[in-house]
Amino acid sequence: MPPFLDVYHRLLDAFGPQHWWPGNSPFEVMVGAILVQNTAWKNVERAISNLREGGLLAPQPLYELPENELCELIRPAGYYRLKAGRLRNLLRLIVEEYNGDSMALLDSNAQTLREKLLSVKGIGPETADSILLYAAGKPSFVIDTYTHRVLIRHGWIGDDADYYQMKDLFELGLPQDVALYNEYHALLVRVGHLYCRRTPRCTDCPLRGMLPDGAL
DNA sequence: CACCAGGCAAGTA
DNA sequence: TACTTGCATGGT
């Protein structure tokens, strides 16, 4: 098994802190986690600032907003009809089961919270883990397509590995530390974006030299 | 112009 | 179970 802490430090040295979701409220992080699905973060920022300007970054007001108006505000994030529905599915949970108090939901124990989130149509494993980690502050490692590509490219896992095999790989190989999981996931996205595309440019990848059996 | 982005669910066989 | 497809704007 590769030394995942060494890999982490290599990435941190190469790229520095990524500052993911800094200074935002937990509720805003939840909204962002849905809006960013298969979408560039840049586009999500505009959608969120539309919501902020409308004073709508709170569960009750956002839930009371008509769906077609929500669509228009989040349009820059793409898949806007789909995401409006998904947001409303989450809002319904918060408003109807937690009296509009998102912290009441987020303060549930990690396992319960994860199951609650996964029961919402439109929230899958990655979005649930993003909310656990970045909104609720629970040590839940987030796996995304870049993580998948990096692990395969470097021969650290078989290409048939599923989400939970990859998640376990990190969670069993690292101390349970929220700040570490937070930064590590962001760094994997960064290195994947730069060096683990379909047409790889691996010559100056900072992970070079940490590979087993001379892969790549 | 083509291709891609911090996924997910529904449909098909 | 294991593929495939729809969803959509904005940047390179």
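The model is predicted. Chain A has 12 helices and 0 strands. Its radius of gyration is 18 Å, close to the 17 Å that the globule rule gives for 216 residues, so chain A is as compact as a globular protein of that length.

**Fold of chain A**

- Read along the sequence, the pattern of chain A is α-α-α-α-α-α-α-α-α-α-α-α.
- The C-alpha trace of chain A spans about 55 × 35 × 30 Å along its principal axes.

**Packing of chain A**

- Of the 216 residues in chain A, 34% are buried.
- Among the contacts in chain A with a separation of 6 or more, 65% are between residues 24 or more positions apart.

**Surface near DNA strand C**

- One stretch of the sequence around DNA strand C includes Asn38, Thr39, Ala40, Lys42 and Asn43.
- The residues surrounding DNA strand C also include Arg75, Pro76, Gly78, Tyr79, Tyr80, Arg81 and Leu82.
- Helix 3 (41-53) and helix 6 (80-98) are the elements that give two or more residues to this surface.
- Helix 6 provides the largest share of the surface near DNA strand C, with 3 residues.
- By residue class, the surface near DNA strand C has 5 nonpolar, 4 polar and 3 charged residues.

Terms used. Residues numbered from 1 in each chain as written. Chains lettered and ligands numbered in written order. Predicted model: local features only at pLDDT ≥ 70, side-chain atom pairs only at ≥ 80, totals over all residues. Helix = DSSP H or I, 4+ residues; strand = E, 2+ residues; numbered from the N terminus. Rg over C-alpha atoms; globule rule 2.2 N^0.38 Å. Buried ≥ 20, exposed ≤ 12 C-beta atoms within 10 Å, placed from the backbone. Contact = placed C-beta atoms within 7 Å. Near = placed C-beta within 6 Å. Nonpolar A, V, L, I, M, F, W, Y, C, P; charged D, E, K, R; others polar.
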